[in-house]
Structures are given as C-alpha cells and as structure tokens.
Amino acid sequence: MNRNFIFVFILLTTLSIVNSIPFNKRKADFYPCYQVINPIPGVDVTISPDPPVAKTPEHFTVSGTLKHDITADKTLLNIDFFDGLRFVSMITPYNKKFNESVKAGTKFSIDVNNVPTPELPSFYDIHVTVGEKPDKNGDLQDEFGCSRSDFST
C-alpha cells in the first residue's frame, strides 16, 4: 500500500512540475494603440504563423470600422516590427496601399501576404496602422486606426 501511495505522489508531483513550465508560445493579442491626444480606434488583426517566426514571411488579415474614409491608392496599411528594448523600428515599415475605397463607418478587410519578419529580439511589438501621408521613414502622419501586440521570446 505504501508503494502505491509513494508512486502516485511522485507521479502527481512530476505532472504538476511539467505543467508549470512556461513554453512562451502564445497567440498574438492585438489591442488598440494607446494615444492620449486624438485617440483612434483599434483594428482587428490576425497573423500567420502565430506567434511570428524570425526570417519567415508573415500573413496579416486586418479588418475593422474606421471614422475616416479609406481611399483607394492613397490610404495605406502600415506594419512595423518595433524593438521593445531599444524603442526603434527593427526594419523599414511595410506599407501596402488599399486597392478599393471604403466609406467611414463601413467595415473593411485587407489581406497582406509575405510581410518580411526581421530577426526577433527578446522583447518586441508589432504595430498595425491604417492611415495616409507616409514620411521618409515609412511612418504614417495621418493615422485612422491602430493596433499593437507585444511579444517576448
């Protein structure tokens, strides 16, 4: 009887220890970008693979409802990988023009394939922004919607 009790005790202890080991493989959880001045709505973002894999192209599906019109060949989807420790973009932001116009208050959706993924540091964010007027670095000056997700490896 004591052998069975000891065996069950060791088995349950081992299972509880294995269960508590963190694997750091979690799904991306995008939430609206925090802005005190001129807050903008968030956009819904799904990515594949999830979580991102370094040097592997990423697929983004972005949708939502904005307070501004989306104008074909003018409004951009901006995807930026942001280093969480150095507070800089890891690569030039990826920009894609919308190919159809959408009125404000109407749900939009856009798929983006083959977004380059940089070498990923320990802590990083992905910022997904819809807007217009990119500057020389590729960042949008007029933002209509934005969501971000933070990761740690």
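**Rings, strands and a disulfide**

Biologist: Let's start with Phe108. Buried or exposed?

Modeller: Buried. Phe108 has a relative accessible area of 3%, and the cut-off for buried is under 20%. Keep in mind that this is a predicted model.

Biologist: Okay. And Phe98, buried or exposed?

Modeller: Phe98 counts as buried too, at 4% relative accessibility.

Biologist: How many aromatic pairs does the structure hold?

Modeller: Two. Phe98 and Phe108 make up one of them, in an edge-to-face arrangement. Their centres are 5.8 Å apart, with 75 degrees between the planes.

Biologist: Which parts does that pair tie together?

Modeller: Phe98 sits in the loop between strand E6 (94-97) and strand E7 (107-115), and Phe108 is in strand E7, so the pair ties together parts 10 residues apart in sequence.

Biologist: What about Tyr124 and Phe151? Why is that pair called stacked?

Modeller: The planes of Tyr124 and Phe151 are at 15 degrees and the ring centres 5.0 Å apart, so the pair is stacked. The cut-off for stacked is under 30 degrees.

Biologist: Where do those two lie?

Modeller: Tyr124 is in strand E8 (residues 123-134). Phe151 is in strand E9 (residues 140-152), so this pair ties together parts 27 residues apart in sequence. Both Tyr124 and Phe151 are buried.

Biologist: Switching topic. How many disulfides does the structure hold?

Modeller: One. Cys33 and Cys146 form the disulfide, with sulfur atoms 1.9 Å apart.

Biologist: Left-handed or right-handed?

Modeller: The torsion about the S-S bond of Cys33 and Cys146 is about -50 degrees, so the disulfide is left-handed.

Biologist: Which parts of the chain does the pair link?

Modeller: Distant ones, 113 residues apart. Cys33 is in the loop between strand E1 (31-32) and E2, and Cys146 is in strand E9.

Biologist: Are these cysteines buried or exposed?

Modeller: Cys33 is buried, and Cys146 is as well.

Biologist: Now the sheet. In what order do strands E2, E3 and E7 come?

Modeller: The order is E2-E3-E7. These three strands form an open sheet with antiparallel pairing.

Biologist: Which strands are at the edges?

Modeller: Strand E2 (44-48) and E7. Each of them pairs on one side only. Neighbouring strands of this sheet are turned by 15 degrees against each other on average, ignoring direction.

Biologist: How many bridges join E2 to E3?

Modeller: Five bridges join E2 to strand E3 (residues 58-65), and the two run antiparallel.

Biologist: What stands opposite Asp44?

Modeller: Ser63 in E3.

How values were computed. Residues are numbered from 1 along each chain as its sequence is written. This is a predicted model: local features need pLDDT of at least 70, side-chain atom pairs count only at pLDDT 80 or more; totals for chains, interfaces and linings use all residues. Side-chain values use heavy atoms; hydrogens and water are left out. Rings of Phe, Tyr and Trp (its six-membered ring) pair if their centres lie within 6.5 Å; planes under 30 degrees apart count as stacked, over 60 as edge-to-face and the rest as tilted. Helices (H or I, at least four residues) and strands (E, at least two) are DSSP runs, numbered from the N terminus. Buried means under 20% relative accessible area, exposed over 50%, partly exposed in between (1.4 Å probe, protein chains only). Two strands pair if DSSP finds at least two bridges between them. Axes are lines fitted to C-alpha atoms, for helices over the stretch in contact, and angles run from 0 to 180 degrees between N-to-C directions. A disulfide is a pair of cysteine sulfur atoms within 2.5 Å.
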